[in-house]
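User: I am new to this structure and would like to learn how to read its features. Could you please guide me, beginning with the packing of helices?

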Amino acid sequence: VATYWPEFAAKGKGDIPVSWLLCHKAGLVDTEGALTYEQMLDWDTVVAALADSTPLWEPGTQHGYHAVTYGRLVGEVVRRVSGMSLGEFFASEIAAPLGLEFWIGLPTSEQARVSQLIPMAPPEGLPMMMAEEGTGGGDGSAPAGLIEMLDMLLGPGNLAGRALAAPGGAARDQDIWNDPRTWSAQIPAANGVTNAAGLARMYAALVGEVDGTRLLDEHTLNAAIEPQVEGPDAVLVFPLPFALGFMRHSPVSSMLGNRSFGHYGAGGSVGLADPDRGVAFGYVMNQMHFGLAGDPRTAGLLAAVDACVA
């Protein structure tokens with residue numbers, strides 16, 4: 001990483017390869033210091049804080065889901081190599097050729113189309129939690145967010161809650177995801193805005209040609225989806241098989257078969273593809289459900305797709 005981003009070498013990070021960013025081995029699930037919401041919106045502030053942070057574990061010795069920092073870490077490498085921000089690179093190299101309604105950094109002209117996220121209710125069997133004062137509805141009466149629920153289940157300071165609230169706790173308030181300032185910023189891994197068709201079309205172009213465009217050739221795709229980690233995730237606790245940027249099909253990240261790959265999002269969204277059957281899938285929603293790897297909605301839809309293309 002430091003070959004492209006020299007400042008990243010600080011505090012023992014000089015030998016981290018780019019592949020460890022892609023498969024969550026770097027140990028940078030959060031910044032070392034606290035950041036405000038306004039600081040979170042500024043790209044240079046966040047990447048400088050990450051470069052100046054000490055890894056939470058010896059890089060390469062274990063893996064743990066870099067839920068929000070992932071996009072800034074990989075995105076800064078892209079920026080140093082290409083000269084474009086990740087949002088600009090995505091727009092030029094992926095969204096435009098495929099005609100996607102998909103943005104990392106939403107234009108003001110598109111903001112009226114955004115569906116507001118609806119806070120999740122606790123999973124069945126857990127007591128209703130009320131949001132802290134100043135979150136949710138702002139009066140303490142709204143359902144708690146995913147971070148609060150993780151704090152209840154795993155204890156305050158758990159790495160999962162910290163990773164989702166990164167950088168520096170700036171994303172702890174769930175209301176920020178309904179703020180137009182958040183939509184307009186470039187927070188890859190957390191604020192991509194699209195619809196289900198756009199998500200599915202992007203994944204389709206990873207496994208085949210879509211109207212003359214293929215994003216990865218077969219050799220690159222096979223390398224990208226090769227699992228890189230095994231065993232329990234240091235952040236999410238359960239074993240989640242990450243490849244180079246993608247989740248792989250597993251008992252805890254069910255997709256469409258053995259070689260299928262993709263990524264789940266907080267609340268239930270998912271995009272994926274099965275290279276063997278040549279099928280891609282996208283599901284987005286605004287009603288958040290508890291979980292980081294799908295819920296009954298995605299399970300039912302994927303089962304239906306699986307039956308249709310068997």
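Analyst: Axes are lines fitted to C-alpha atoms, and angles run from 0 to 180 degrees between N-to-C directions. Please keep in mind that this is a predicted model.

User: At what angle do helix 3 and helix 4 pack?

Analyst: Two packed helices are described by the angle between their axes and the distance between the axes. Here, helix 3 (residues 43-51) and helix 4 (residues 69-82) pack at about 100°, and their axes are 10 Å apart. Angles of 65 to 115 degrees count as roughly perpendicular, and helix 3 and helix 4 are therefore roughly perpendicular to each other. Helix 3 contributes Trp43, Asp44, Val46, Val47 and Leu50 to the contact, while residues of helix 4 in the contact include Arg72, Glu76 and Arg79. The residues of this contact divide into 5 nonpolar, 3 polar and 4 charged.

User: How many salt bridges does a search of the whole structure find?

Analyst: Side chains of opposite charge can pair when their charged atoms come close. The search of the whole structure finds 16 salt bridges. In one of them, Glu76 pairs with Arg80, with the closest N and O atoms 2.6 Å apart. Glu76 and Arg80 are 4 residues apart in helix 4, so about one helical turn separates them. Glu76 is buried, at 0% relative accessibility, whereas Arg80 is partly exposed, at 32%. Salt bridges that share partners join Glu7, Asp44, Glu76, Arg79 and Arg80 into one network.

User: Which parts of the chain does the salt bridge of Arg162 and Asp30 tie together?

Analyst: The side chains of Arg162 and Asp30 meet at 2.8 Å, N to O. Arg162 lies in helix 7 (residues 159-165) and Asp30 in the loop between helix 1 and helix 2, so the pair ties together parts that are 132 residues apart in sequence.

Note on methods: Residues numbered from 1 in each chain as written. Predicted model: local features only at pLDDT ≥ 70, side-chain atom pairs only at ≥ 80, totals over all residues. Heavy atoms only, no water. Helix = DSSP H or I, 4+ residues; strand = E, 2+ residues; numbered from the N terminus. Parallel < 35°, antiparallel > 145°, perpendicular 65-115°, else oblique. Contact = heavy atoms within 4.5 Å. Nonpolar A, V, L, I, M, F, W, Y, C, P; charged D, E, K, R; others polar. Salt bridge = Lys/Arg side-chain N within 4 Å of Asp/Glu carboxyl O. Buried < 20%, exposed > 50% of the residue type's maximum accessible area, 1.4 Å probe, protein only.
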